[in-house]
Amino acid sequence: MTLSARYVFPVEGAPIASGCLTIQDGRIAWVGSARERVADLDLGNVAIVPGFVNAHTHLELSALEGQHRVAEQAVEIEVEDEVNWLHRVVEQRKSGLPGELEQAVGRNLQESIRAGTTSLADTTTAGLSWDQVAEAPMRAVVFAELIGLKRGRGLQTSAEAWDWIGSIRPEAQVIANARPGLSPHAPYSTAGWLYHKAAASRLPLSTHLAEMPEELELLERGSGALRTFLETLGAWDDEWEPISPRPADYVRRGELRNADWLIAHGTYLEPTEFWQFRPEAAPNNHRVAIAFCPRTHARFGHSPHPYRAMLERGVVVCLGTDSLASSPSLSVLDEMRFLHRRDDSLNGPLLLTMGTLFGAWALRAETTTGSLKPGKSADIAVIDLPDREDSDPHQLMLESDLPVSATMFEGKFVSGAWSHF
Ligand SMILES: [Zn+2]
């Protein structure tokens, strides 16, 4: 099957006006100009881009009470104190009905697919999202959360995570395009031994790191709003000692470096630490990448995120939405557009690479997906374009609020207008 479109964005290579994409057996067989091939299906005034990679989300979480989902195109986001927000997330989970988290996973997977996502990194409780993610037309790493400063809580969450991993048949992973991983939650909530145990597992890892000033205060002085929060929950442990006062040491020190790490946020890492997060600095071909979630970052009124300085130092910064509890949608394209409105000096090609190929690299899937290249899987998103011209076609996609109109995974439309093809 050959598709044609007003623009094809291969990502590895310049955009092609009147572009064509030939798909054979679920893979991309050819990419080029419509002058050279006759299309079976002309998608019209759209952009064909690689399927988006959502490098950080929690599919089991829903929007919090009183949270409006209307501001998807806003430049400004209402700011909320992050520790207060953590309280509200915990409250929501306590009051949840049985089956609610699983239902949210199903809903949020559908929303992700409609938003053009073909790969994602999901963080979940003891593998809760696994069955649904593994069945979905999606590439994924599912990270089971390890949490607890108190030994008992840490033992419980790690036993549940390992039970889940032990229950997965290896052949099921190959069929499902999904892999299990582990996520020590964050330095402020998770004892150091859980980080060490995760790093020894040889599984892909993810963690929330250097996320807020309160985390730095807790690690440096054992005090502050997070300590009060943990005490209120009964989760504080007087015996607790951090691995280090610096969050970076939780993933970059000694044996902790011997793993693939996908770092959510990283807002308060020091510029002097950025070099440690470059791919070349990881031992034994391990990977390390930062998943930046622009709208969630804006929501908590943090210091500016250093994504630009990180990129300039060679750090792989990809994009995530985080969960619906902090973000108005699960669309990577919405994150790209939000970032573009706030910082139009970040050029279109780089922004699109962050939302696709960099995320694929972070998930060790860049030889399969993340760009439109012969041999890769036909994972694509189709985006409606406005009826105007622009000398930079990326602007047509970024300075617009037109939606993703179709998603294709492994050569099959899995949502949108052409699903009968
Ligand atoms: Zn998160």
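Cys-318 is in contact (C-beta atoms, placed from the backbone, within 7 Å) with Val-53, Ala-55, Ala-289, Ala-291, Met-354, Phe-358, Gly-359 and Ala-362, leaving aside neighbours within four places in sequence. The model is predicted; local features need pLDDT of at least 70, side-chain atom pairs count only at pLDDT 80 or more, and totals for chains, interfaces and linings use all residues. Residues are numbered from 1 along each chain as its sequence is written.

Cys-318 is, with Ile-48 and Ala-289, among the residues with the most contacts inside the largest nonpolar core, which has 117 residues. Such a core is a set of buried Ala, Val, Leu, Ile, Met, Phe, Trp, Tyr and Cys residues joined through C-beta atoms within 7 Å. Buried denotes 20 or more other C-beta atoms within 10 Å of the residue's own; exposed denotes 12 or fewer, and partly exposed lies in between. Strand E8 (residues 139–146) gives the most to this core, six residues. Strands (E, at least two residues) and helices (H or I, at least four) are DSSP runs, numbered from the N terminus. Both domain 1 (2–50 + 372–416) and domain 2 (52–362) supply at least three core residues.

These domain bounds come from an automatic or database domain assignment. The domain centres, taken over C-alpha atoms, are 30 Å apart. The contact between the domains takes 18 residues from domain 1 and 20 residues from domain 2. On the side of domain 1, at least two residues each come from strands E5 (46–50), E14 (380–384), E15 (404–409) and E16 (412–416) and from helix H15 (393–398).

Val-90 lies in helix H1 (residues 82–94). Val-90 counts as partly exposed because it has 14 C-beta neighbours inside 10 Å.

Note on methods
Contact = placed C-beta atoms within 7 Å.
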